[in-house]
Amino acid sequence: MISGKSLKNLVAQLGLSVQKFSFIVHMMAVLVSSLCPLSSWAGIQIGYIESAFSLAGQEVSGFAYLVQSIPYRFFVLSALFGVIIYVFINKDIEPMIRYEEGMRLSVGNIQEDDDEEDRKHEKIPARWYNAIIPLVALVVISIVQMYFDGKTAIEGSGLPDNFLNCVSHSNSINSLIIGTSVSLLITMVMVMSQRILGMSKLLEHFVEGVKGMSEPVMILVLAWALGIAMNDIHTSQYIALALGDSMKVEYFPAIVCLIGYAMSYASGSALGTQGIIFPLVIPVIVHLTDDEELYLKTIAAACSSSVFGNLCSPIADTTIAGVLFTGCPMIDHLKVMSTFCIPLGVISLILGDLIVGLNLYSFWVAYLISLGIITVVLLIFGRAPRKDSFLSRFLARTRNQTGEVVDSSLDTSEEDEKLRLIQDKI
């Protein structure tokens, strides 16, 4: 929402198509947000992880598992670096190249809403520290609180009180709540001291923020209820016994990834998908093996694959917001997102969750291969607007060479006739 409304005038001056603008904004907003360990999204994920492990009889730090699983989020990280490579190479493939060339709906044609609310916003002073100071306070206070909370928890346990041990044994949810509350108070004091907003307007925005979080909170509560119900009927034990030795446990991250793709696309909600997957798969994997690395791969597969729906599903809230605030037609946006995300999802599933799950190579090798494939595809099949791609130029050169061979086989009379026609034109 912020990027779409604030940057569209700038990109209009660059002559960027609205489809490309919407694609970049949507991808970067969702991918970066899903990786941030200090956010409301992360707080809900931590609750999912800790609740699911408790159903299997284990007490763990959801924050530690969430952070340590980041290197194994193959779809999210491949997509993130893939977008960066795409921007720097500056070559497009279908259908993006059509939108860039046709400019059917340019960002330059998007008009600012001239309603009363926007005119009020124009009077608000734009000061960078109003955004930076609360954000820095949130990060610093949350991490410091985690450290001291974990240090208190491990006193007398014999464990060294280093940063990693303290954070791993802290109550991360309480720390995030404290950090968020302090950051909110700082924001309110700064805004009121500068007379940007009054108390009534601040409370109005606070209530709106609470309304925005009501849906994720309800999803979390229902996920807890679902997990307890599945624990009571011993779902994880049944699945573990049913699988038995018929499936290698190393295939589990790839299976979870496939389930996440399908469920997130159908529901359009990453958090809703995770709320169903975590209570089901974590108790199963705990019953199947005690391999901590496999736990991380499974958590990463659930977190990463659930983002797929936020990018491609037509009913996802992020898709709708991206279309509304950038002015891109929904059909065009879905075509562009699907063209990029579906092949990348298949590559990430095979080269990442499957092969790395089987321990055939390390995760960084999977990223090198995936990003290499993206780069090669863009260089060969991609092209700048109103220019031919490398493959098109190669095929044209081949056809020209073949045509020259055919021309040399013509008899003298045909060659003379062609020469005469050329001379007549001259």
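Is L176 buried or exposed? L176 is buried, at a relative accessible area of 8%, where buried means under 20%, exposed over 50% and partly exposed in between, using a 1.4 Å probe on protein chains only. Before the views, a word on the source: this is a predicted model, in which local features need pLDDT of at least 70 and side-chain atom pairs count only at pLDDT 80 or more, while totals for chains, interfaces and linings use all residues. Residues are numbered from 1 along each chain as its sequence is written, and side-chain values use heavy atoms, with hydrogens and water left out.

**View 1. The whole protein chain.** The secondary structure comes to 21 helices and zero strands; these are DSSP runs numbered from the N terminus, with helices being H or I of at least four residues and strands E of at least two. Of the 426 residues, 40% count as buried. Among contacts with a separation of 6 or more, 76% join residues 24 or more positions apart, a contact being heavy atoms within 4.5 Å.

View 2. L176 sits in helix α10, residues 172–193.

**View 3. S22 and H333.** Helix α2 (residues 18–35) holds S22, which counts as buried at 0% relative accessibility. The side chains of S22 and H333 make a polar contact at 2.9 Å. Such a contact is a pair of N or O atoms within 3.5 Å; within protein, one must be able to donate a hydrogen and the other to accept it, and residues adjacent in sequence count only if both atoms are side-chain atoms. Leaving aside neighbours within four places in sequence, S22 is in contact with G322, T326, C328 and H333.

**View 4. S306 in its loop.** Look between α15 (292–305) and α16 (307–312) to find S306, a residue that counts as buried at 0% relative accessibility. A polar atom of the S306 side chain lies 3.0 Å from the backbone oxygen of A302. Not counting residues up to four places away in sequence, S306 touches G260, S264, A270, T273 and Q274.

**View 5. The largest nonpolar core.** This core has 70 residues, and F23, M27, F278, L311 and C341 have the most contacts inside it. A nonpolar core is a set of buried Ala, Val, Leu, Ile, Met, Phe, Trp, Tyr and Cys residues joined through side-chain atoms within 4.5 Å. Beyond its neighbours within four places in sequence, C341 is in contact with M27, F75, F308, L311 and C312.

**View 6. The second largest pocket.** Its volume is about 340 Å³, and 16 residues line it, with I93, T339, F340, V377 and L378 nearest its centre. Two or more lining residues come from each of α18 (330–354) and α19 (363–381), and α18 gives the most, with six. A pocket here is an open set of points on a 1 Å grid over the protein atoms alone, where a 1.4 Å probe fits, with protein on both sides within 12 Å along at least five of seven lines; lining residues have an atom within 4 Å of a point. The volume is the space filled by probe spheres set on the points, which are joined across faces, edges and corners.

**View 7. Positive phi at R195 and N359.** R195, not a glycine, has a positive phi of about 60°; R195 is exposed, with a relative accessible area of 77%. N359 also has a positive phi, near 60°, and is partly exposed at 47%.
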